[in-house]
Amino acid sequence: MRRGFKSEAERLADRVRTQLGLRSDVPPDIRQLAAHLRVEVIDAQELVGMDSLRELESVQPGAFSAATFHLPGGRTVAVYNPCNEPARTISDIAHELAHVLLGHEVRELQQIGGHAFFTCDPEQEEEANWLAGCLLLPRELLLRHAYAGADAQTLADATGVSVPMARFRLNTSGVLLQARRSRSTRGQ
């Protein structure tokens, strides 16, 4: 990840919350954010049928979470896999919206064994993951929970995100260390 991106992502997420009229410690409703960005969010079963999605999931679990398509006429569509849990789906959609916010280009299409696959630019995927976390769990919200001693499960329950997303943000944002130092400074 390029130098300075993490701070840039925090600022971008704050700007988006401001545009939506949200406080800096309030995560956006992900579908409200999609509408704000003029991205249509579509359940993949509307396009290919649930049996096909379940078959793909059984052949290669996790092979498809979500994808964004820029269609003719300026229409942008984020398609998500309904086989995932709702909390995971929120992260998947946030990831796709992060690609849109970052202006990432359409991924490369390759033919492998006669089948078409979208390949991912690893750096762009990492950036989208990071920004999705910033969008869903703002730093001020994380700090409030970290000072209260909340763990990933408690944070996930309170915000509707997945436990892995809550754990990721708690562990990588530095808020746990900040809260621990604050408690030791105050002699707690």
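Which residues is Leu131 in contact with, leaving aside its neighbours within four places in sequence?

## Leu131 and its contacts

This is a predicted model. In it, Leu131 is in contact with Ala9, Leu12, Ala13, Ala98, Leu101 and Leu102. That list leaves aside the neighbours of Leu131 within four places in sequence.

## Where H5 meets H6

Helix H5 covers residues 86-102 and packs with H6. Their axes are 8 Å apart, and the angle is about 115°. Angles of 65 to 115 degrees count as roughly perpendicular, so H5 is roughly perpendicular to H6. The crossing of the two helices is right-handed.

Which residues meet here? From H5 come Ile90, Ser91, Ala94, His95, Ala98, His99, Leu101 and Leu102. From H6 come Gln124, Glu125, Glu127, Ala128, Asn129, Leu131, Ala132, Leu135 and Leu136. By type, the residues of this contact are 10 nonpolar, 5 polar and 2 charged.

Follow the chain on from H6. Pro138 sits in the loop between H6 and helix H7, which spans 139-147. Is Pro138 buried or exposed? Its relative accessibility is 0%, so Pro138 counts as buried.

Pro138 and Asp25 are 113 residues apart along the chain.

## Where H8 meets H9

Now take another helix pair. Helix H8 has residues 152-159, and helix H9 has residues 163-172. Their axes come within 8 Å and cross at roughly 115°. This crossing is right-handed.

On the H8 side, the contact is made by Ala152, Gln153, Leu155 and Ala156. On the H9 side, Val163, Ala166, Arg167 and Leu170 take part. How many of the contact residues are nonpolar, polar and charged? They divide into 6 nonpolar, 1 polar and 1 charged.

Key:
Residues are numbered from 1 along each chain as its sequence is written. This is a predicted model: local features need pLDDT of at least 70, side-chain atom pairs count only at pLDDT 80 or more; totals for chains, interfaces and linings use all residues. Side-chain values use heavy atoms; hydrogens and water are left out. Contact means heavy atoms within 4.5 Å. Axes are lines fitted to C-alpha atoms, for helices over the stretch in contact, and angles run from 0 to 180 degrees between N-to-C directions. Helices (H or I, at least four residues) and strands (E, at least two) are DSSP runs, numbered from the N terminus. Angles under 35 degrees count as roughly parallel, over 145 as roughly antiparallel, 65 to 115 as roughly perpendicular and the rest as oblique. A crossing is left-handed if the near helix is turned anticlockwise from the far one by less than a right angle, and right-handed if clockwise. Ala, Val, Leu, Ile, Met, Phe, Trp, Tyr, Cys and Pro count as nonpolar, Asp, Glu, Lys and Arg as charged, and the others, Gly among them, as polar. Buried means under 20% relative accessible area, exposed over 50%, partly exposed in between (1.4 Å probe, protein chains only).
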